[in-house]
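Trainee: Could we go through this model together? I would like to learn what stands behind each label.

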Amino acid sequence: MKGDFVSNLGKVYGIYTGGFVGFVILLAILEMLGVPNRIIGYLFVFLTIGVYALIGILSRTMQISEYYVAGRRVPAIYNGMATGSDWMSAASFIGMAGTLYALGYDGLAFVLGWTGGYVLVAVLLAPYLRKFGAYTVPDFLGARYGGNFARFIGILVLLAASFTYVVAQVYGVGIIASRFLGISFEIAVFVGLVGILVCSMLGGMRAVTWTQVAQYIILIIAYLIPVILLSAQLTGIPIPQLTYGQALQEITSLEEALGIVQHHISPFVDATGNFNGTSMLNFFALVFCLMVGTASLPHILMRYFTTPSVREARKSVGWSLFFIFLLYFTAPAYAAFAKLEVYQNVIGQPISELPAWVASWGATGLVGTCDRLNAAEIYAICAGVVGNGDGILQLAEFKINNDAIVLATPEIAGLPYVIAGLVAAGGLAAALSTADGLLLAIANALSHDIYYRMIDPNADTKHRLIVARVILIGVAIVAAWVAGTRPAGILAMVAWAFSIAASGLFPALVMGIWWKRTTSAGAIAGMIAGFGVCLFYLIGTQYFGMSLWFGIKNVSCGLFGIPVAFLVTYVVSRMTPAPSREMQDFIDSIRVPRGQVALVGGQKAVE
């Protein structure tokens, strides 16, 4: 993009937003004229992916700084929007409200952890990494700890965390595409890759940045409109964030009428209403791991390499929090209104008279009516549930996957199908934007940090970018294949990624900036120890039946890896010679907000 594009961003995205709103209105008119729902679904999915692809094509580049860091000229507010889009993945858009629906207060751990983590980003890392002037997080590790070994360990952690995270995004794309395009989930995950690859492959960070701004606009409109309509429909006030308390009161009344006893009103008590120390420990462990993980994710930290200055990087974090807040503040309302609609219109109804959405979502395997003895043969989600066969749907006989709540809410509430299509477009934008950022982080690490830094330092620009694009395609295909196996729920996979990143990267990054005495041997030992402990606990408990330590669930495996990494880094650093005076002065320089960038393209700047 040329300089005049950056100066006209407000006008460009204003026209884009108006065009999208007009597109939604046009589809609403087509629905009123009798155009089939499937056609509307196809138009939403393919036209929005087409817009992202067009931005990717227009933003194609063969310049290294444009490909890796968007030329370092993205204004703070737009970088904040891009970060919000990069951040609000399928887990935030699709999974969070569903988790609040199922777990209530327990689900708030995700809201607290994910938002609180940005405080750590702003205070401990983002401005200083921007002052460092690197292209990637392993770039920092390689320069700070003087060699390729630290860089290589950082790349291993980055690959493990980012790949786990990207599988969750492709899984979310598969859910949306299979429901709204009427194709099998296993094929749908590969369909979603087209939009991902065209954006990130051709233009790198430049294309991904401007695409993510466009995707944020779509995802926030798509998230807010359905719940605003629900709030107006149920309470007469179109401010769901202030009215869902009324919905909660009605849910309580309905639960009493249905004979449902809800003791679990706090994350610190069990189903009988008694204090449970393990529940409390798991709640705070998850908040801690998500906060630290937020400040460790390479694809998020990379976003702050794209701002024009250290000051803009700091402002960008504030804008990121604001744009993320708009969605997170609304998620509890989604959960409350969706549950109220289910209680009022689904539970206690004759199976033969259930709304059409139950059958259509049942075909995806995410919803099931388990009244029949052989219900699991019809709905896989009903496995283990024994219905009484009376033809009336009881609460225990209704199963809905957490990942279906947001996507199905418009249909649950009987809103026009165009709203359901809008939500699908928003979920797709959330999943694609994060997948773009993650795949770019993986490809950049492999092409820049391994190929260029460690294998062929003399490679020219053309070969470096060709390698990056080939790797991007390969990683995306493998991620789609893994997602097709449905390894776990979206939120669980994302939480694993956070713990992995936090255990392997956070101590080395923070101590590398804030403790000059941190040595190369200490950082390397700490990364290996933290990463190793986290993976051992995760894999052992998930796949080999290993018992939980202190009752901590494996989504919080970082609780063990993070302190081990800090301790090992400290002890080994104390036992090994201190870094050179030159390196210690260099670390002092990156903690000064003003002044010249300390590192440019992986080399110390000439003062």
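Mentor: The structure holds one disulfide, a term for a pair of cysteine sulfur atoms within 2.5 Å. Keep in mind that this is a predicted model, where local features need pLDDT of at least 70, side-chain atom pairs count only at pLDDT 80 or more, and totals for chains, interfaces and linings use all residues. Residues are numbered from 1 along each chain as its sequence is written, and side-chain values use heavy atoms, with hydrogens and water left out.

Trainee: What makes cysteine 370 and cysteine 382 a disulfide?

Mentor: Their sulfurs are 2.1 Å apart, and the cut-off is 2.5 Å. The torsion about the S-S bond is about -80°, so this disulfide is left-handed. Cysteine 370 lies in the loop between strand S1 (367-369) and helix H17 (375-378), and cysteine 382 in the loop between H17 and strand S2 (398-400), so the pair ties together parts 12 residues apart in sequence. Helices (H or I, at least four residues) and strands (E, at least two) are DSSP runs, numbered from the N terminus.

Trainee: Why is cysteine 534 called buried?

Mentor: Its relative accessibility is 0%. Buried means under 20% relative accessible area, exposed over 50%, and partly exposed in between (1.4 Å probe, protein chains only).

Trainee: How do you know that lysine 516 and aspartate 588 form a salt bridge?

Mentor: Their N to O distance is 3.3 Å, and the rule asks for a side-chain nitrogen of Lys or Arg within 4 Å of a carboxyl oxygen of Asp or Glu. Lysine 516 lies in the loop between helix H21 (490-514) and helix H22 (520-543), while aspartate 588 is in helix H24 (residues 581-590), so the pair ties together parts 72 residues apart in sequence. Aspartate 588 also forms a salt bridge with arginine 591, with the closest N and O atoms 3.1 Å apart. Through shared partners, Lys516, Asp588 and Arg591 are joined into one network.

Trainee: What makes arginine 581 exposed?

Mentor: Arginine 581 has a relative accessible area of 53%, so it counts as exposed. Its side chain meets that of aspartate 585 in a salt bridge (3.7 Å, N to O). Aspartate 585, at 40%, counts as partly exposed. Both residues lie in helix H24, four residues apart, about one turn of the helix.
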